[in-house]
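Hi there,

Here is the structure I promised to pass on. Please have a look at it alongside my notes.

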Amino acid sequence: MREIRPVALDELDFTPFGRWYDLRTPSGAPGWEDGTALERDYRYGMTRTGGGSFSCRSMERHRSTEEVLFTSEGAMVLALAASDPMGAPRAEDVIAVRVEPGQVVVLARGVWHDACRCAEERSICYSFLANNNGEASELSWIEVVPDPVWISCGKPAAFVPEREAPAEDWSGRFCSRHDVRRDDRVDSLSWECWQTGVCLSQRMRLVFGTLPPGEEARFCSAREGQDVVTGLSAQAVLTLWQGKERERIPLRPGQMLTVAPETDWTISFPDGGTYWVMTRQRTE
């Protein structure tokens with residue numbers, strides 16, 4: 001069995017697989033905005049997976065959609081193969097990349113890929129955006145030929161499935177809270193996945209943030225569209241207001257909060273944490 005180790009995104013030419021962004025790097029406008037390459041409305045999803053070394057036995061590819069991947073709970077390992085137009089991923093083409101919290105990978109259509117794993121010896125939950133055309137081939141898992149590839153990144157960690165019951169969804173005056181674990185679910189021996197309905201327009205802004213305990217970040221961008229807060233690494237508290245009226249909302253990993261337009265809000269973590277904000281941009 002061939003054995004490889006993950007490499008950092010900036011250590012290879014990622015062009016055959018798509019593109020990637022580093023939202024941890026300071027810039028004039030924080031976050032990532034791309035209104036041209038995302039060609040359709042996207043569905044948000046989350047995948048819980050195990051970690052450490054693993055055998056890459058099969059892969060899938062989506063010919064009708066790009067797929068956006070990002071993480072907050074910890075670094076993840078993504079196995080890829082540029083084997084198109086072959087009918088299956090080839091072991092000799094498989095590579096593995098390490099994706100850090102704050103980095104965003106956009107896989108090109110048709111790229112073979114495995115489910116991500118935690119780069120450490122534990123389970124994590126990561127986020128994705130995709131919206132295929134519904135054909136069976138879009139979700140078909142095909143074995144790597146002629147043999148699996150071993151991805152070496154520490155002691156293998158058993159997959160820990162989600163045991164906690166999903167929370168009830170809730171709507172307030174300034175926002176609505178949704179538990180992603182209440183949505184469409186797909187199971188595997190080494191991961192479990194949930195995907196919401198179509199919730200993001202093709203033009204969006206994606207922001208990543210890290211906060212130490214007790215500090216807060218303030219947002220006013222909901223005036224330009226509609227903010228969706230998700231991808232938390234820990235329990236968070238959001239305060240939302242319009243004028244003198246306020247709401248204080250708890251939010252935990254696995255949930256997403258949609259902020260109403262014309263609403264100011266802040267986010268903080270009692271024990272520190274990271275978060276993602278996806279802003280639906282107006283297209284008129």
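First, some conventions. This is a predicted model, in which local features need pLDDT of at least 70 and side-chain atom pairs count only at pLDDT 80 or more, while totals for chains, interfaces and linings use all residues. Residues are numbered from 1 along each chain as its sequence is written, and side-chain values use heavy atoms, with hydrogens and water left out.

The search runs on a 1 Å grid over the protein atoms alone: a cavity is a set of points where a 1.4 Å probe fits but cannot get out, and a pocket is an open set with protein on both sides within 12 Å along at least five of seven lines. Lining residues have an atom within 4 Å of a point. Grid points are joined across faces, edges and corners, and a volume is the space filled by probe spheres set on the points.

The largest pocket has a volume of about 490 Å³. It is lined by 27 residues, and those closest to its centre are E60, F128, L139, C193 and Q195. Two or more lining residues come from each of β5 (42–49), β8 (67–71), β14 (124–130), β19 (184–187) and β20 (191–200); strands here are DSSP runs of E with at least two residues, numbered from the N terminus. The most comes from β20, with four residues. By type, the lining of this pocket divides into 13 nonpolar, eight polar and six charged residues, where Ala, Val, Leu, Ile, Met, Phe, Trp, Tyr, Cys and Pro count as nonpolar, Asp, Glu, Lys and Arg as charged, and the others, Gly among them, as polar.

There are three cavities of 30 Å³ or more. The second largest cavity has a volume of about 40 Å³, and its lining includes M46, F70, C125, Y126 and W276. Both β8 and β14 give two or more residues to that lining, and β14 has the largest share, with three. Its residues divide into six nonpolar, four polar and one charged.

**Backbone**

Most residues other than glycine have a negative phi, and most peptide bonds are trans. Here, a cis peptide bond joins V145 and P146, with omega about 0°. P146 is in the loop between β15 (142–143) and β16 (149–151). E262 has a positive phi, near 60°, and is found in the loop between β26 (255–259) and β27 (264–268). With 44% relative accessibility, E262 counts as partly exposed (buried is under 20% relative accessible area, exposed over 50%, partly exposed in between; 1.4 Å probe, protein chains only).

**Aromatic contacts**

Rings of Phe, Tyr and Trp (its six-membered ring) pair if their centres lie within 6.5 Å; planes under 30 degrees apart count as stacked, over 60 as edge-to-face and the rest as tilted. The count comes to seven aromatic pairs. F14 and F17 have ring centres 5.6 Å apart and planes at 45°, so this pair is tilted. F14 is buried at 4%, and F17 is buried at 6%. The F219 and W265 pair is stacked, because the ring centres are 4.3 Å apart and the planes are at 10°. F219 lies in β22 (216–219) and W265 in β27, so the pair ties together parts 46 residues apart in sequence. W265 is buried, with a relative accessible area of 0%. F219, W265, F269 and Y275 form one aromatic cluster.

Best wishes
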